[in-house]
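Please open the structure in your viewer, keep the selection panel within reach, and work through the stops below in order.

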Amino acid sequence: MRLLVALCVAWPLVAAADIRVAFPAERQKLPFVEQTYLIGAIDRNGAETVYVNGLTTGVYRTGAFLQMVPTKPGTNTVVVAAGRDRLVRRFVVAEQAKPATVQPPVVVESDDSELLLKPSAWTTTGTLFANRVRVGIDAGETRYFLPKGFTLRGAEVKGTSWVCVWLENARGFMPKSVLAPNHEASVPPKGLLAPDPAPTFPDHPPYGHPPSDVSICLDPGHGGSDPGSLSPHGWKEKDVNLMQARAIRDALQKAGFQVIMTRDGDSFPSLYERPQLAVDQHVDAFISIHHNATAVNRDPRLARHTTTYASTSNGLALAACIQKHVGQVLAPVQNAGAQMKSYAVCRNPAVPSCLIEVDFINLPEGEEESWDPDRLKKVADAVVLGILDWMTDPAKKAEPGPEDLPEPESESDNL
Ligand SMILES: [Zn+2]
């Protein structure tokens, strides 16, 4: 009888490992890689250990596990075993790409290049973010953002869908999709001055104003059919981005700020609708909220860090203030500081903008902490402190009063 009771208690515990693998998904196609991370989770009732293709893999206290597995081109099979359960996962790795036969880029060497049709007047039709004058065809950095309805000199580039345009006596290039021929206007000169894309936007709200004078646009990354990255339990980045953004919104409102959100549900505003909202609402700052994951072939345990990106100099000033405080509350997660990187949502010529990558969610520890309500609140409070820092006159921050100066401990400290 005692044996029977023991069996009845033990049996369901051993049986219920319930293995789930979040990445790679069944039949998922991966690029050519020599290894991939495999992440998943089990119910911890029975098993302390997971075996991935026979390799012993530790299980984190939440039931999440992570194992790097070698891969080969074609179909790969991974067997995951825990307790009495077994899961077979198949995914496909691409063949190593042959060096592509790269078409040489079209280069317009001079104003009277044979590639150019006759110059005429063209008027911009896109949004501020789509009307970008680039340094080259198909590529290159943005030289100017142009408002909708601006007329400039342009000449179609033969064999391409690009128009060569002239501003301030220099050539630039715009896709034909954001321009319409303007037959009524005379052809503008090459020296036409580029307009200020955002004449009424400051780099920074005036120092010393209260939070109630300052409005912030929060942008929870991804949404709708775009889940973003996945965590070991298969939780989606779009959801934790929204949770974090709502926590930041609540903390900002409590501090007196005005806040708008690019989404407050499971929708997907386009990458240009998001900054456009910040311009239309004339906010003082735009902050996009994301969570990171490593590239397929990189071990998340070696990559975990927190950072805030900006794509403009006024955005970088905002990013640096925010990341200083966010980095402090996330310690000992490595703080990679504020960095410049080109992101569509951050290239806003009007509103100081940045993008926070709070943590890595394809790592068991990062998953657990990112979904923790206390951590969400801590990060939210840190963002508020960062914004308050950004609103403080740097001259006042740079000159601490004598009582704030630490006593020198030794002569070498004064060097
Ligand atoms: Zn993201």
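**The whole chain.** Begin with everything displayed as a cartoon, bearing in mind that this is a predicted model. The C-alpha atoms of the protein chain occupy a box of roughly 100 × 65 × 50 Å along the principal axes, and the chain contains 7 helices and 21 strands. Of its 415 residues, 38% are buried. If you display contacts between residues at least 6 apart in sequence, 71% of them join residues at least 24 apart.

**The domains.** Next, colour residues 15-93 as domain 1, 120-181 as domain 2 and 211-392 as domain 3. Turn the view to domain 2 and domain 3, whose centres, taken over C-alpha atoms, are separated by 32 Å. Their contact draws 6 residues from domain 2 and 6 residues from domain 3. On the side of domain 2 that touches domain 3, you will find 4 nonpolar and 2 polar residues, and no charged ones.

**Helix α3.** Select residues 273-280, which form helix α3, and show the side chains of Arg274, Pro275, Ala278 and Val279, which are buried. Looking down the axis of α3, you will see that these buried residues fall within an arc of 140°, so they line one face of the helix.

**Helices α4 and α6.** Finally, select residues 313-330 for α4 and residues 373-390 for α6, whose axes come within 8 Å and cross at roughly 145°. The crossing of these two helices, α4 and α6, is right-handed. Which residues of α4 meet α6? On the α4 side they are Ala317, Leu318, Cys321, Ile322, Lys324, His325, Val326, Gln328 and Val329, and their partners in α6 are Lys378, Val379, Ala382, Val383, Leu385, Gly386, Ile387, Asp389 and Trp390. Colouring the contact of α4 with α6 by class will show 12 nonpolar, 3 polar and 3 charged residues.

Note on methods
Residues numbered from 1 in each chain as written. Predicted model: local features only at pLDDT ≥ 70, side-chain atom pairs only at ≥ 80, totals over all residues. Domains from an automatic or database assignment. Contact = placed C-beta atoms within 7 Å. Nonpolar A, V, L, I, M, F, W, Y, C, P; charged D, E, K, R; others polar. Buried ≥ 20, exposed ≤ 12 C-beta atoms within 10 Å, placed from the backbone. Helix = DSSP H or I, 4+ residues; strand = E, 2+ residues; numbered from the N terminus. Arc of directions from axis to C-beta. Axes fitted to C-alpha atoms, helices over the stretch in contact; angles between N-to-C directions. Left-handed = near helix turned anticlockwise from the far one by under 90°.
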